[in-house]
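Here are some notes to read beside the model.

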Amino acid sequence: MKTVKIFAAALAAMGMAACFTSCEKDNGNDGGEAVVLEGGEISGRYSQDVTLKKGEYRLTGSLQMEAPATLTIEPGVTITSEVSDGKIIYILIEQGAKIMAEGTESEPITMTAEDRRAGAWGGLHICGYAHTNAGEGTMSEIGGAPYGGSNDADNSGSLRYVRIQYSGLALDSEHEANGLSLYGVGNGTKISYVQVIDGSDDGIEFFGGSANIDHCVVENCTDDSFDWTEGWNGTAEYIVAYQTVAECDCLMECDNNGDNNDAAPVAHPTIRYATFVGNNSSDNKRGLRFREGTQVTLEYALVTGKPSPVTLETSQTVASFDNGTSSIKNTYISGALVNEEGSGYDNSDFVAAGNTANYSSFNFTSGFVGKVGQSGAVDASDNWTSGWTL
């Protein structure tokens, strides 16, 4: 009897421990009734809808949304990550789940951190079912969630008037958290008026997919402002990269696939109406860095503040410019285009295509608004950065 009692007590203790562990991980969220919060602490996994009403929220651990749940964030919400103390805190939207974070110009949504420094928390990660060229079984660097598929029209929700601060916390060199990470995100997802500021690692990074973005600002993220890899083929219009911090690297780092430059589908996004202002660093001298087999269509852009404002690397990328698959038009740069492969498309071809090299009359008197006209002057009639950015 004594043995049975001990065994029964042990089973009860194990059951209690199991329940505690499960409840702590999932917050009891088993796909039941929707959760509506009006401020306070939040973390955990949710498989049912969660709505954050206007108010202040403290992110005390990672927040992960599972299919088919939707995370709805109302205008004016501020989510502040607690000090990490060695754990990585992030927001992750898994495949089949959605985020509907729709602020307004007067009431943007803010994701920030108590520890007001670059790399204080892990940022926002969204995983979709759109294409990548990374192969099957690929998992997100943060959160270990699968991404990729064949549905380029996949819809992961909407981001509008969202600010992300102090992101970029990394587990190691292979598991890094950008401000906004888009993993195989489809073009059914709407991403407009997003600012990533004062982060570590990259501001906005695309891992394949077909996501389109517009009216986005990345300021002083200490690696690359914008980054793409794994076959991204969406569109980015009205974007700004602005650097004053010496550690900032490229204004855009642009790859197809680092392990296989020929991987298909090949990255070929379209970038229009872009303003890129570098940090004048001689150590991080490249501005727009096209390499590792990527292709690109770039139109109506200004690039300044980098000793090498546009560089081409790898034979596949250079060949795409030589054969006209890639193109740059109506673009003004403060130096010369550099072909680091040494042969093929060069600065003379860049100028012959109707672009301007060694341009010195950039007009930023009305702010950098991500729109350039034929004269090279910023169009000050639509300063879309005003009123909601920091």
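**Notes on the predicted model**

1. One aromatic cluster is formed by F206, W228, W232, F290, F321 and Y345. Rings of Phe, Tyr and Trp (its six-membered ring) pair if their centres lie within 6.5 Å; planes under 30 degrees apart count as stacked, over 60 as edge-to-face and the rest as tilted.

2. Two remarks on the source of the values. This is a predicted model, in which local features need pLDDT of at least 70 and side-chain atom pairs count only at pLDDT 80 or more, while totals for chains, interfaces and linings use all residues. Residues are numbered from 1 along each chain as its sequence is written, and side-chain values use heavy atoms, with hydrogens and water left out.

3. The whole structure holds 14 aromatic pairs. In one of them, the ring centres of Y161 and W388 are 5.5 Å apart and the planes stand at 85 degrees, so the pair is edge-to-face. Y161 belongs to strand 11 (residues 157-165) and W388 to the segment after helix 3 (347-352), so this pair ties together parts that are 227 residues apart in sequence. Helices (H or I, at least four residues) and strands (E, at least two) are DSSP runs, numbered from the N terminus.

4. W388 also pairs with Y193: the ring centres are 5.8 Å apart and the planes are at 80 degrees, so this pair is edge-to-face. Y193 lies in strand 13 (residues 190-197), 195 residues apart from W388. Are these residues buried or exposed? Y193 counts as buried because its relative accessibility is 13%, and W388 counts as buried because its value is 0%. Y161 is buried as well. Buried means under 20% relative accessible area, exposed over 50%, and partly exposed in between (1.4 Å probe, protein chains only).

5. A search of the whole structure gives 1 cavity of 30 Å³ or more. The largest cavity has a volume of about 40 Å³. On a 1 Å grid over the protein atoms alone, a cavity is a set of points where a 1.4 Å probe fits but cannot get out; a pocket is an open set with protein on both sides within 12 Å along at least five of seven lines; lining residues have an atom within 4 Å of a point. Grid points are joined across faces, edges and corners, and a volume is the space filled by probe spheres set on the points.

6. Which residues line the largest cavity? They are F206, F226, D227, W228, W232, A236, I239, M252 and I271. Strand 16 (226-229) gives the largest share of this lining, 3 residues. The lining divides into 8 nonpolar residues, no polar and 1 charged. Here Ala, Val, Leu, Ile, Met, Phe, Trp, Tyr, Cys and Pro count as nonpolar, Asp, Glu, Lys and Arg as charged, and the others, Gly among them, as polar.

7. The largest pocket has a volume of about 560 Å³. Its lining has 26 residues, of which E141, E205, F207, T229 and E230 lie nearest the centre. Strand 14 (204-207) and strand 16 are the elements that give two or more residues to this lining. By type, the pocket lining has 5 nonpolar, 7 polar and 14 charged residues.

8. Strand 5 (residues 70-73) runs parallel to strand 3 (residues 50-52), joined by 3 bridges. Strand 5 is also joined to strand 8 (residues 98-102) by 4 bridges, again in parallel. Two strands pair if DSSP finds at least two bridges between them. T72 has M100 in strand 8 as its bridge partner.
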